[in-house]
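Please look over the sequence and the fold before reading the questions and answers on helix packing, the core and single residues.

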Amino acid sequence: MTLPLRPVSTVGALADALRSRVLSGEIPPGTALPEQEIAASYGVARPTVREALASLVHEGLLRRERNRSAYVPEVTLSDLEDLMYVRRPLEDLMARAVVGRTVPEAEAALHRMAALPADAPWSETVAEHMALHQALVEAVGSPRLERLYGVLAAETRLGLVRLREVYQDRDVLVAEHRELLDALANGPEEAARAAVAAHLSHSWGGDGRVHRHL
């Protein structure tokens, strides 16, 4: 029996729309996404909604439990602290490996971030932020490091939603990443590693800024 082709482009468009709303904070943590309501809101069939939600669950941006609608998970202060506990040694390995090098893909992501219009959705800033850090990790050339880092990607993106209030002026975020890339390119190693550690601590609440918004 030949199964009908599914509207992959529609599924992708719906997943993109929902992803943008989650990462912009428009759909806040704890919000359930019932298939019937989503289908009615976007004018699509429930199988399309089901497939789009499954894609976001796979990415880690949504969670689904038995007999419950998919929902946006809460990233708590404890979650963020644990996330940084795991990310710091991984990013330290990155700093050791790429010090003294310019990473073109990271530079390109920073350029795209800086070029975003003032009214661009926060989700677009999140995407470029993730692209920059992913490029640095990929520059190491270790598939295992990439896999380990990839496991943390969803929680990192959800955590970045909380930085929206902290970085209301995106130029500050751009400047901080400019300093990070310069430190990695110029070295020496200890200075580059210190810059990475300071960047993570500063961005994720080491100075208390994020804590005030949790």
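This is a predicted model: local features need pLDDT of at least 70, side-chain atom pairs count only at pLDDT 80 or more; totals for chains, interfaces and linings use all residues.

Residues are numbered from 1 along each chain as its sequence is written, and side-chain values use heavy atoms, with hydrogens and water left out.

Q: How are helix 5 and helix 9 oriented to each other: roughly parallel or roughly antiparallel?
A: Helices (H or I, at least four residues) and strands (E, at least two) are DSSP runs, numbered from the N terminus. Axes are lines fitted to C-alpha atoms, for helices over the stretch in contact, and angles run from 0 to 180 degrees between N-to-C directions; helix 5 (residues 104-115) and helix 9 (residues 170-186) pack at about 165°, with axes 10 Å apart. Angles under 35 degrees count as roughly parallel, over 145 as roughly antiparallel, 65 to 115 as roughly perpendicular and the rest as oblique. Helix 5 and helix 9 are therefore roughly antiparallel.

Q: Which residues of helix 9 meet helix 5?
A: Contact means heavy atoms within 4.5 Å. On the helix 5 side the residues are Ala106, Glu107, Leu110, Met113 and Ala114, and in helix 9 they are Arg170, Leu173, Val174, His177, Arg178 and Leu181.

Q: How many nonpolar residues does the contact of helix 5 with helix 9 have?
A: Ala, Val, Leu, Ile, Met, Phe, Trp, Tyr, Cys and Pro count as nonpolar, Asp, Glu, Lys and Arg as charged, and the others, Gly among them, as polar. By these classes the contact of helix 5 with helix 9 has one polar, three charged and seven nonpolar residues.

Q: What is the handedness of the crossing of helix 5 and helix 6, left-handed or right-handed?
A: Helix 5 and helix 6 pack at about 165° with axes 8 Å apart, and are therefore roughly antiparallel. A crossing is left-handed if the near helix is turned anticlockwise from the far one by less than a right angle, and right-handed if clockwise. The crossing of helix 5 and helix 6 is left-handed.

Q: Which residues of helix 2 make the contact with helix 3?
A: Helix 2 and helix 3 pack at about 110°, with axes 9 Å apart, and that makes helix 2 roughly perpendicular to helix 3. Helix 3 gives Arg46, Val49, Arg50 and Leu53 to the contact, and helix 2 gives Glu35, Gln36, Ile38 and Ala39.

Q: Which residues does leucine 136 touch?
A: Leucine 136 is among the residues with the most contacts inside the largest nonpolar core. Not counting residues up to four places away in sequence, leucine 136 touches Met94, Val98, Val103, Ala106, Leu180, Leu181 and Leu184.

Q: How many residues of helix 8 are buried?
A: Buried means under 20% relative accessible area, exposed over 50%, partly exposed in between (1.4 Å probe, protein chains only). In helix 8 (residues 153-161), Arg157 and Leu158 are among the buried residues. Helix 8 is largely enclosed by the rest of the structure, because the buried residues number eight of the nine.

Q: Is histidine 199 buried or exposed?
A: Histidine 199 lies in helix 10 (residues 189-203) and touches His133, Glu176, His177 and Leu180, not counting residues up to four places away in sequence. At 9% relative accessibility, histidine 199 counts as buried.

Q: Is asparagine 67 buried or exposed?
A: Asparagine 67 is found in the loop between helix 3 and strand 2 (70-71), and has a positive phi of about 65° although it is not a glycine. With a relative accessible area of 76%, asparagine 67 is exposed.

Q: What is omega for the cis peptide bond that joins glycine 187 and proline 188?
A: Proline 188 is found in the loop between helix 9 and helix 10. For the cis peptide bond from glycine 187 to proline 188, omega is about -5°.

Methods:
A nonpolar core is a set of buried Ala, Val, Leu, Ile, Met, Phe, Trp, Tyr and Cys residues joined through side-chain atoms within 4.5 Å.
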